[in-house]
Amino acid sequence: MIIPSIDPEVRRIADRIIQSGKKAFLVGGAVRDAFLRKPVMDYDIATDATPEECMSLFPFAIPTGIKHGTITIVPRSRRYKVEITTLRKEAAYSDGRHPDSVTFVDDITQDLSRRDFTINAMAIDLMCNAFIDPFDGEKDLKDKIIRAVGNPMERFQEDGLRTVRAIRFSAQLEFVIEPNTLVAIAKCSDTLSKISTERIRDEFSKILLTAKPSVGLRLLSDTNLIKEIIPELEICKGISQPDHGEQDVYNHLLSTVDAVIPDNLSEDKVLILRLSALFHDIGKPACYRAENGKISFYRHEIESEKIARQILLRLKYPNRVIDKVCHLVRYHMFNYEPGWTDAAIRRFVARVGFSSIPDLFTLRLADTMATTGKPISWPALAEFRERIDRILEEKQALSLKDLAINGEDLAKIGIPRAKQMGEVLSELLDNVLEDPSLNTKEKLLEIAKGRYFEGFK
Ligand code: ATP
Ligand code: MG
């Protein structure tokens, strides 16, 4: 085993620990990713120094989990963080999520034995650059296998989150789960009910960010874990939709998630788009109608939005994510005919909001790609996008803040700052969307006077 070179900033931190007479080991994901030649996101160092000793060595460290022996250092470059954890062993997990107590030890093998999978239980001794691998993680890394350290049933019963982590690592690294470990995941699926929603959500999000999320999503379903996370997805199985060929709603949702290609998009954006893809048709089972031999899902986007909101709230996603996903789900069915006037296009942009347009088109293309199985050229959609872009370039008024007048101006002519003012403003926007040349102060004041004072005659 060739020991990968260690980042100089991490090396300096380790040297300070070693110079104080203590041990330092690189452990966990950093060792795994270095061997896989993947970019290392965060470094974990294990040491026999106590958390207090670590704090005095690194006074600027953040005591992120001092009780469990963890402090965090953000190096000057801020490219990653370094967590220093005191070597420890854990007592029994009687609640299925946290150890009853944590004891600090000075033996690295004991520390590695409490870790979840063999590929995460390797260490590099930073004092002599030796590789420590008591559970044959290196072999599993080469064979591309996720295997629990020790007895899988016991390990999953100790901490149910490990079941989803096994699937997350399998999906992320494209590794297979060792058969005994896989059977144990399915047998322990109910252990997830004891785990905090936030921890499950974070692992679930990581699955959605993998190259082909359907692989991880299918594993979640095969092992029954999905019933603990998003049971609503299971109801979509077997709901056929004639306009989608052989694909039932469930398979269509998964294909749409895969069809959101992350190129040039931030992680945050990919997550929002993939959540939207996963939920865009989730309301279809509730809207299923079969009349005169014809199947329809009338207004399913409204039901899908409702269900998506319930799921995302339950999984405690931030409101910003929930609102964006729900908005995309709500409008994913948008329609366009080449005969539309520019005013119709402006009304569409005003309704969905111009900042949502790129995401709405990405989602729609993924939806179409999933339905047809190939990236199709859709000239009408391209034309629609071009026309929208032209309107945006021309900076035509599309929202209330683009109007040539504001509430202040309306107040001056005697329209009270109440519900009526909102109504007048939105009517003015309707007029301007229809005819942008009306967007001058004089013309709008004239229309406002007419509309408001006529209403009181
Ligand atoms: P990532 O690249 O996603 O950060 P990682 O392996 O670093 O992957 P972390 O969640 O950062 O994962 O955890 C760091 C290490 O701590 C893991 O490699 C593993 O050794 C150990 N670990 C984390 N969570 C658990 C757990 N639930 N049970 C046992 N060991 C765990
Ligand atoms: Mg990590």
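Which residue stands opposite Ile84 in strand 5? Ile45 does. I'll come back to that pair after the overview.

First, the ground rules. This is a predicted model: local features need pLDDT of at least 70, side-chain atom pairs count only at pLDDT 80 or more, and totals for chains, interfaces and linings use all residues. Residues are numbered from 1 along each chain as its sequence is written, chains are lettered from A and ligands numbered from 1 in the order in which they are written, and side-chain values use heavy atoms, with hydrogens and water left out.

Now the overall picture. The protein has 22 helices and 13 strands. Helices here are DSSP runs of H or I with at least four residues, strands are runs of E with at least two, and both are numbered from the N terminus. The C-alpha trace spans about 90 × 60 × 40 Å along its principal axes.

Next, burial. Of the 457 residues, 49% count as buried. Buried means under 20% relative accessible area, exposed means over 50%, and partly exposed is in between, with a 1.4 Å probe and protein chains only. The accessible surface comes to about 22400 Å², and 51% of that belongs to carbon and sulfur atoms. Those areas come from the Shrake-Rupley method with a 1.4 Å probe; for residues, only the protein chains shown count as cover.

Contacts and charges, quickly. A contact means heavy atoms within 4.5 Å. Among contacts between residues at least 6 apart in sequence, 66% join residues at least 24 apart. There are 66 positive and 69 negative charges, and their mean positions are 2 Å apart. Lys and Arg count as positive, Asp and Glu as negative; His and the chain ends are not counted. Each charge is placed at NZ of Lys, CZ of Arg, CG of Asp or CD of Glu.

Back to the strands. Two strands pair if DSSP finds at least two bridges between them. Strand 2, residues 43-47, runs parallel to strand 5, and 5 bridges join them. That is where Ile45 stands opposite Ile84. Strand 5, residues 82-86, also pairs with strand 4 in the antiparallel sense over 4 bridges. There, Thr70 stands opposite Thr85 and Thr72 stands opposite Glu83. Strand 5 is largely enclosed by the rest of the structure, because 4 of its 5 residues are buried.

Strand 4 has another partner. Strand 3, residues 62-65, pairs with strand 4 in the antiparallel sense over 2 bridges. Ile62 has Thr72 as its bridge partner. The two strands form a hairpin with 4 residues between them, and Gly69 in the turn has a positive phi of about 90°.

Is strand 4 covered on one face or both? In a regular strand the side chains alternate between the two faces of the sheet. For strand 4, residues 70-73, both faces are covered. Thr70 and Thr72 are buried on one side, Ile71 and Ile73 on the other.

On to the helices. Helix 10, residues 213-222, is mostly covered, with 7 of its 10 residues buried. Among them are Leu217, Leu219 and Leu220. Just after this helix, Asn224 takes a positive phi of about 70°.

Leu217 turns up again around Leu278. Leu278 is found in helix 13, residues 267-279, and is buried at 0% relative accessible area. Leaving out residues up to four places away in sequence, Leu278 touches Phe204, Leu208, Leu217, Ile230, Leu233, Leu253, Leu254 and Val257.

Now a buried loop residue. Gly96 lies between strand 6 and strand 7, with a relative accessible area of 3%.

Lys144 is not a glycine, yet has a positive phi of about 60°. Lys144 lies in the loop between helix 5 and strand 10 and is partly exposed at 44% relative accessibility. Asn264 likewise has a positive phi of about 60° without being a glycine. Asn264 sits in the loop between helix 12 and helix 13 and is exposed, at 85% relative accessible area.
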